[in-house]
Amino acid sequence: MPTVPEQLRHGREALKLDVHQVAEATKLKTDQVRALEQGNYDYFSAPVYVRGSLRTYARLLKLDSAKLVEQLDEEMASSEKFAADPLAPARPKSGVDQLMLLLSRVNWSIAAVVIALALIALLVVTSYRAWKNHQSDDPLKKLGAGVYQPAAQGGEILPFPANSATNARSAAPNGK
């Protein structure tokens, strides 16, 4: 049975593609395509990148990516760099992880419309209630039939100006 790199190279050659055309079509770097075809998995920093690149490349070549990934896992187990790496980090999932998973599944374009409609409905209901409460309150209802009473006088009362200033103003025009 041919290895994963051999299958990739034969598939590319059967479609008469060069490495640059594969890189352009898959958006992979040419170095990554060459590393996959040469079995140089140490070029990649983590197994997840090797698997993802392999899937992308296999889809372009119309190969069975699931079988290739299984075969790749067997080949990478013999590699020093990736032999000890687990497929996923082993840590317990917390409530935040579950919440993030749920939020990642939300269709945000629909959710934004629903949230906007809910906010508009809340604004309309709140405005209507405030308007109704304002309508029912009679501001003159609490006033009695009393008479106006000025506020209690507190503080100083300033004296009126002396008559001499008033007399000086009135005498000047007549004195001409």
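Predicted model: local features only at pLDDT ≥ 70, side-chain atom pairs only at ≥ 80, totals over all residues.
Which helix gives the most to the nonpolar patch?

Let me begin with the overall composition. The chain has 176 residues, of which 20% are buried. If we take the contacts between residues at least 6 apart in sequence, 58% of them join residues at least 24 apart. The chain exposes about 14,200 Å², and 60% of that area is supplied by carbon and sulfur atoms.

I now turn to helix H4, which covers residues 47–61. Its 15 residues reach 21 Å from the first C-alpha to the last, close to the 21 Å expected at 1.5 Å a residue. Which residues of H4 are buried? They are Pro-47, Val-50, Arg-51, Ser-53, Leu-54, Tyr-57, Ala-58 and Leu-61. Seen down the axis of H4, these buried residues fall within an arc of 165°, and therefore they line one face of the helix. On the other side of H4, Val-48 and Arg-59 are exposed.

Against what do the buried residues of H4 pack? Their partners are helix H1 (4–14), helix H2 (19–26), helix H3 (30–38) and helix H5 (65–77).

Next, the residue that follows H4. This is Lys-62, found in the loop between H4 and H5. Its phi is near 60°, a positive value in a residue other than glycine. With a relative accessibility of 74%, Lys-62 counts as exposed, because the cut-off for that term is over 50%.

Lys-16 lies in the loop between H1 and H2, and although it is not a glycine, it has a positive phi of about 60°. Is Lys-16 buried or exposed? Its relative accessibility is 73%, so Lys-16 counts as exposed.

Finally, I come back to the opening question. The nonpolar patch on the surface is formed by Val-96, Leu-99, Met-100, Leu-103, Val-106 and Trp-108, which together have about 570 Å² of accessible area. Helix H6, residues 95–104, gives the most to this patch, with 4 residues. Met-100, one of the patch residues, has its place in helix H6.

Conventions. Residues numbered from 1 in each chain as written. Heavy atoms only, no water. Helix = DSSP H or I, 4+ residues; strand = E, 2+ residues; numbered from the N terminus. Expected span 1.5 Å × (residues − 1). Buried < 20%, exposed > 50% of the residue type's maximum accessible area, 1.4 Å probe, protein only. Arc of directions from axis to C-beta. Contact = heavy atoms within 4.5 Å. Patch = residues over 30% accessible without salt bridge, like charges linked within 9 Å, V, L, I, M, F, W, Y side chains within 5 Å. Areas by Shrake-Rupley, 256 points an atom, 1.4 Å probe, with all protein chains shown as cover. Salt bridge = Lys/Arg side-chain N within 4 Å of Asp/Glu carboxyl O.
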